[in-house]
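Visitor: I have a protein model open and would like to learn how to read it. Could you walk me through a few features?

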Amino acid sequence: MCGIVGYIGFRNATDVLIDGLRRLEYRGYDSAGVAVRTPEGLRVVKRSGKLSVLAEALKEERLEGPWGIGHTRWATHGAPTDPNAHPHTTEDGRIAVIHNGIIENYLELKEALRARGHRFRSETDSEVLAHLIEEKYQGDLFQALREALMEVRGAYAVVAVHQDHEELVAARTVSPLVIGLGEGENFLASDVPALLPYTRRVIFLHDGDLARITREGVEIRDLEGNPLAREVVEIDWTLEAAEKGGFPHYMLKEIYEQPWVLENTLGGRLREEEGDVELGLGLDSKALERIHVIACGTAAYAGWYGKYLLEALARIPTEWDVASEYRYRDPVVDERTLAIAISQSGETIDTLEGLREAKAKGARTLGVINAKGSSLTREVEDVLYIHAGPEIGVASTKAYIAMLAAMAMLAVHLGRGRGTLSQEGARELLREMRKLPRLVEEVLEKRPLVAHIAEKYHQAQDFLFLGRHVQAPTAYEGALKLKEISYIHAEAYPAGEMKHGPIALIDEHLPVVVLATRGPLYEKTLSNIQEVRARGGKVIAIATEGDGEIPKLAQDVIPVPEVHPLLAPIVSVVPLQLLAYEIAVLLGRDVDQPRNLAKSVTVE
Ligand code: F6R
C-alpha cells in the first residue's frame with residue numbers, strides 16, 4: 001500500500017509532490033509527508049491524518065526547492081502517528097527515505113543497527129532502510145541503496161534522497177514504481193495518475209530494478225549493478241479520465257462510466273457473424289483439463305461468476321478461490337491447468353502469490369487485468385485487459401462490470417474452441433453482450449428510485465443479500481459494496497442456502513435484497529422471497545422489467561432490463577452499487593476513501 005512520488009526539475013517540488021500525492025491518496029490516507037531540498041538543506045514535513053492536514057502544515061512551513069519526495073501512508077507496522085509517517089530520515093537529517101511495502105526481516109535488521117549505535121524514532125519497518133543506507137553510504141547514494149537492499153527481505157518501492165546529491169535513487173520489488181519522463185525534469189510515482197498532469201511517457205520499473213533519476217535522465221540497473229534497458233511506454237489515459245469529471249465522488253463517476261467501460265471491454269472483440277470473440281490469446285482450449293480462478297474481494301466475485309460461465313459454456317471443470325486461501329491449500333495443479341488471476345490493480349499481493357503458486361506447479365497462466373504495466377501483467381503468459389480505465393474510488397465498480405464482461409467473453413471463446421458451444425448459441429450471447437452498454441445506461445436512469453429506497457432503509461443495522469447461480473456472486477458483491485462504504489453490516493447468501501441457517505436472522509427490521517431476475521431459477525427465487533415475507537422481512541427485489549409477480553411480494557422493486565440470464569449480473573449489479581452509494585452519502589460516509597481500506601492491497 002502507500003503512495004510514493006518523487007520530483008526533480010525546475011518547478012517547486014512541494015507543489016508537484018502534493019499534487020501527485022492527491023492523486024495517489026486512494027492508496028492510503030493514514031498520514032503523509034514530504035522531504036524537499038531547500039536552500040537550507042533537506043527539510044521534512046510530515047503529519048498523521050489525511051493529505052489535507054499536511055497541505056495545511058505546508059502553508060505555515062513553506063518548503064521551496066527543485067527536488068524532493070512525498071509519501072501517503074496506509075499503516076502496516078506502527079500506528080498512524082507523526083513519527084511513523086514517511087519520509088524517514090537519518091539522525092543527521094541528510095538522507096530521507098520513503099517506502100511502500102513490508103520489510104520482512106526488519107526486526108533483525110533493526111536489532112543489529114541498534115547494536116551498532118543507530119537510534120530509531122518510529123515503530124515502522126521502513127525506517128531501517130534509512131539507517132541501512134546511511135551505513136553503506138560512502139559518497140555514492142545509488143551504491144548505498146543497492147548494498148542496503150542486498151540485506152533486505154520483503155516487498156518495497158523505495159526512494160531515497162541525500163541533501164548533497166541532486167538525484168532521486170529508487171528501487172522496487174513487488175510494490176509498483178513508475179518513472180515519468182519530462183524535458184529537464186523527471187518524476188516518480190506509485191501509479192500513473194500522479195504523472196499525467198506532467199507527462200505521458202513512462203517507464204514501469206520491474207522487480208529488482210534500481211534507478212538513478214536526475215533532471216537530465218534516468219539510469220536503470222539490476223541489484224548486481226548491471227545496466228538495464230527498459231521500454232518507454234506512451235500512456236493513453238487522459239488526465240480528465242483520472243479525475244472526477246464533475247461528479248461529487250469518484251465512485252459515482254465510475255458507476256456512470258460503466259456503459260462506456262463495457263463498450264471498451266467488449267468493443268472490437270465480439271465477432272457476431274463468426275459466433276466467436278477475438279481475444280488474441282495463445283491458449284489451446286482443447287488442451288485444458290481444468291481451470292483455477294484466483295482473485296480477491298470484488299475481483300474474486302467476478303471469478304466466481306466466471307466459474308459458472310466457464311463450466312456452462314466451455315464445460316471445463318473450474319475451481320474458484322480467494323487468492324489468500326488458494327496459495328496455502330496446496331492446490332492440485334498440472335500443465336493442463338489454466339490459472340486465471342483477476343485483478344484491477346494487477347498489484348494485489350495475495351493474487352500475485354496465488355498465481356505464482358499455480359505457475360510453480362506447472363499451470364498455464366492468464367491475467368484478467370485492468371492496469372497496464374502492473375506486476376501481474378509481467379507474470380502471466382497471456383493478458384486479457386479489461387480496459388476499464390483508471391479506477392480511483394476505493395470501492396471497485398466499473399472494474400467489476402468489465403471483469404464480468406471479460407469472463408463472459410473468455411467462456412464463449414473457450415466454448416467455441418472446444419466445440420461445447422454451438423455457433424448459434426454463441427451468436428445469441430454475443431448479440432446480447434452487444435446490448436449491454438445500452439442496458440446499463442437504462443439502469444442508471446433508475447437512480448432516483450434507488451435513492452428513494454436508500455432513504456427508506458439507510459437506518460437499518462443489517463442487510464441480507466440473496467441470489468442464486470450467477471446472481472449469487474452479485475449478491476455477495478452488493479453486500480460487499482454496502483459494508484465497505486456505509487459500514488452497515490451486510491451478509492450475502494446463495495438464496496437456496498438461506499433456509500439452512502440465516503433465515504433465523506429475518507424479522508421486520510431486516511431489509512433483504514433479492515436478485516430475482518428471470519432465468520432458470522426464477523421460480524425457486526420467488527419461493528425464497530415468500531419465505532422472507534412469511535417472517536416479516538422487508539424485500540427489495542431486483543427484478544426483470546415487466547415482471548408481474550414480484551411487485552405483489554416485495555416492498556420495493558428495482559426493475560432492470562431483460563437480457564440473457566447468464567449476463568443478468570452485468571445489469572443487476574448496477575442498482576446495488578447505486579444503493580450502497582446513496583446509503584453511504586445519506587450516512588455522511590467518506591465514499592471514496594472509506595475507513596481502514598486502501599485501493600491496492602500490496603501486503604499479505
Ligand atoms: C472492493 C475492492 C476490493 C478489491 C480487492 C482486489 O470494492 O475494491 O475488494 O476488489 O482488493 O483488488 P484488485 O482487483 O486490484 O486485485
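Visitor: Which kind of contact do the side chains of aspartate 590 and lysine 50 make?

Guide: This is a predicted model. A salt bridge is called when a side-chain nitrogen of Lys or Arg lies within 4 Å of a carboxyl oxygen of Asp or Glu. Here aspartate 590 and lysine 50 meet in a salt bridge, at 2.3 Å from N to O.

Visitor: How many salt bridges are counted between domain 1 and domain 3?

Guide: The count is one. Two residue pairs are in polar contact across this interface.

Visitor: How much area do domain 1 and domain 3 bury between them?

Guide: About 960 Å², with 53% of it on carbon and sulfur atoms. In domain 1, Tyr26, Tyr29 and Trp74 lose the most area to domain 3. Together they make up 53% of what that side buries.

Visitor: Now the strands. In what order do the six strands of the open sheet lie?

Guide: Read across the sheet: E5-E6-E7-E8-E12-E13, with antiparallel pairing. Strand E5 (88-89) and strand E13 (218-222) are the edges, and each pairs on one side only.

Visitor: How many bridges join strand E8 and strand E12?

Guide: Five, linking residues 168-173 of E8 with residues 209-213 of E12 in the antiparallel sense. For valine 169, the bridge partner in E12 is arginine 212.

Technical notes
Residues are numbered from 1 along each chain as its sequence is written. This is a predicted model: local features need pLDDT of at least 70, side-chain atom pairs count only at pLDDT 80 or more; totals for chains, interfaces and linings use all residues. Side-chain values use heavy atoms; hydrogens and water are left out. Two strands pair if DSSP finds at least two bridges between them. Helices (H or I, at least four residues) and strands (E, at least two) are DSSP runs, numbered from the N terminus. Buried area is the accessible area (1.4 Å probe) that two parts lose on being put together, summed over both. A polar contact is a pair of N or O atoms within 3.5 Å; within protein, one must be able to donate a hydrogen and the other to accept it, and residues adjacent in sequence count only if both atoms are side-chain atoms.
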